[in-house]
Amino acid sequence: MNRRQKQFEWLLGELPGFRAAGVIDESAEDALRRHCQDECGKTAASRRGYYTLAISLLGLVLVAGGVVLFFNYNWDMLGKTARIAVSSVPLAIGAVLGMVTLSTGRGVLWREASALFSATGTALLIAMLSQIYQTGGSLYDFMTLTLLLALPFLYIFNSILLATIYVFAMFVMTGGAITSPAAGTLVLAGWAIFAAWHLGAKASPYAAWVRYLTLPAAVFAAIILCEWRTGVQLMTLAAIMAAAGAVAAAHGVPAKQNPWLPVGAFALGVLLLVGGCRNGFFSADDHASRQAIIWSQSAFWVAQLVYWLLAAELVRIERRNLAPVWYVIGLMVLCNYYLVLGDDPETVGRIGSNVIAAVAGLLLVINGVRRNSSSVFNAGLALLAGLVVCRFFDSDLGVLWRSAGFVASGLLLLAGNLVFIRRRNHCSEVKNV
Amino acid sequence: MFKIDRMRIVFFCAALVLALFYPVCKIVSFEYPSVPPVVMEFKVQGMAPHDPLRGRYVYLNIDQSYIELDKRIDDEKLHSWRYRNGVCYVALETDEDGLAGAVAIATDPARLPVDKPFMRVEYLWEERIMDHDAKGGDDAQFRYRYHFRYPFNRFYINEPLAPRADRLLAETARKGGEVHVSVNVYAHGGFSVNELYVDDRPIREILTQVDK
């Protein structure tokens, strides 16, 4: 039972008490009772809908699996033509389901089943043909073809289940996509347009889930497109994610539905700390293939454009609040131009990462205090403390000095939080007065 | 019916045609090839593992999956370890024993001898071997060995026959018998596996005879 339903049920139980105490009259009690009963019914129905969808899909998968195993056992009894015909059955079912769904305007379950049967039917037919003709083939080629052919079904049926499977199936082609990233990028772009479509739509029921799905998609993008000067590219990717999360938060997306901001900010913080000490983080990879370098560079310029569009939107919305933080991160993204094109980027990258981590940390602390936001304040403190700890790890200082540094960082965190909480309590008291 | 759903039906039909295009092309290219395929035999070792989707198969380990040359091939890709698992092509030739093997390798099929059938394979690595017997005393010459993986590493058989195939192949290997695979090599570099022979007899025939 979810929280909303519990609240309405509690209110239903309290209504006779309110009526007896004279808080509400009879007509108000009736109106409230009807409203609460309707809401409880709606929540239960929606939950039943999801359960039905999940159980039905599980049933379909089990039936399909059983049929596949049955034919698998008796495969040699069939001729080549019969085998091809049997292999085409799932796609034929998908075709029939799809036509019925589209021509009669069926609901979510039918749409999802049609998309799933059409896409998996196509994949199964291709796989079975390689078995029937004994032609073998690589998993990378198979997945590339299957995913590209699944894309039209994803869009036509607007299937979130197929979109979810698609994102995780992309990882199967990782090995091949690193050496030849063109097909990997195409497959990723196909999904990215679907995601952008849902995130751009005002009332998409899948927007929150699509935001979560973007995280594995971003990991895949990092694997196939960050082959050259990996540190620089990963920083830009994390900055984009954090900025996109901040834009979503500024537009009122609740924190639970917006994983981009915490994940992006955390990744960016970690990358800044690592970039400040690790040798080779900003250097070019001499072993990267020419094709991988071209794709990495192209992705880098596209990422720059995306970041600056997001940053412009953020500055427009948050002119007075967090804008300086985005300026600083923007400065880092801008510095990446030098790091990509420069001859000896290591020193600049190391110093730059330390300076930007320190400035961004301080700005977050100041903004947290100004806005009375403990999450922003603590994010800044964590970045500063992390910076101190990391620099102690890679410096030539003795153990005594290092221990003093750790103690100082710990005290900074504790004292900072204490002062912040006192200040916030004081502010709320003043407001109440 | 809404206009948008009519459009969706049109797009759905187009998507189905697109989904069927590759399988139909594949069937046509194997059933009605413009140039008849060349049948070649390769010496293999086999064992029978399991594929959860497509069932049992005999895993084929091809005996000689490399080509040894006196000179280094002038191709940057083949020198880089980054090209491991990349696509390359080998020209094939049958020797006096009737067994096929690779005689040339290239990343572009146009660089291969035109009169020989070729096949798309997975490139593995380049190995430099010091030839101590070469003339010139201390100036030892090098030979270059290019390792690759043939694409036909599976021979599918029926579920009940697979465990017996596994035992038969193990027994054949112990007794020093020979296992060959017959492959159709097509003009476009594709292939299809015809049959697996254990001591010159088709494996299916041996297994079904044991049944009777």
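Visitor: Which residue takes a positive phi in the hairpin of β10(B) and β11(B), and how many residues lie between the strands?
Guide: That's Gly189(B), with a phi near 95 degrees, in a hairpin with five residues between the strands. Before going on: this is a predicted model, where local features need pLDDT of at least 70, side-chain atom pairs count only at pLDDT 80 or more, and totals for chains, interfaces and linings use all residues. Residues are numbered from 1 along each chain as its sequence is written, with chains lettered from A and ligands numbered from 1 in the order in which they are written.

Visitor: What makes β10 and β11 of chain B count as a pair?
Guide: Strands pair if DSSP finds at least two bridges between them. β10 (residues 179-185) and β11 of chain B have seven, running antiparallel, so they qualify under that rule. In this pairing, Ser182(B) stands opposite Glu195(B). As for what a strand is, it's a DSSP run of E with at least two residues, while a helix is a run of H or I with at least four, and both are numbered from the N terminus.

Visitor: How do you know that β11(B) and β12(B) pair?
Guide: Two bridges join these antiparallel strands, and the rule asks for at least two, so the pair is in.

Visitor: Why is Asp199(B) called exposed?
Guide: Count the other C-beta atoms (placed from the backbone) within 10 Å of a residue's own: 20 or more means buried, 12 or fewer exposed, and anything in between partly exposed. Asp199(B) has 11, so exposed is the word.

Visitor: Is Asn158(A) buried, exposed or partly exposed, and why?
Guide: Partly exposed, because Asn158(A) has 18 C-beta neighbours inside 10 Å. Asn158(A) is found in the loop between α5 and α6 (160-169) of chain A. Its phi is positive too, at about 50 degrees, although Asn158(A) is not a glycine.

Visitor: Why does Ala119(A) count as buried?
Guide: Ala119(A), found in helix α4 of chain A, has 30 C-beta neighbours inside 10 Å, so it clears the buried cut-off. Contact means that the C-beta atoms, placed from the backbone, lie within 7 Å. Leaving aside residues up to four places away in sequence, Ala119(A) touches Ala150(A), Phe153(A) and Leu162(A). Phe153(A) is 34 residues away along the chain, with 6.7 Å between the two C-alpha atoms.

Visitor: What makes β4 and β6 of chain B edge strands?
Guide: Five strands form an open antiparallel sheet in the order β4-β8-β7-β5-β6 of chain B. β4 (66-69) and β6 (100-106) each pair on one side only. β6(B) pairs with β5 (87-94) of chain B over six antiparallel bridges, and Ala91(B) has Ala104(B) as its bridge partner.

Visitor: How many residues does each chain give to the contact between chains A and B?
Guide: Chain A gives 33 residues and chain B 35. On chain A, the elements giving two or more are α2 (26-73), α3 (80-104), α4 (108-132), α5 (139-157) and α7 (174-179).

How values were computed
Contact = placed C-beta atoms within 7 Å.
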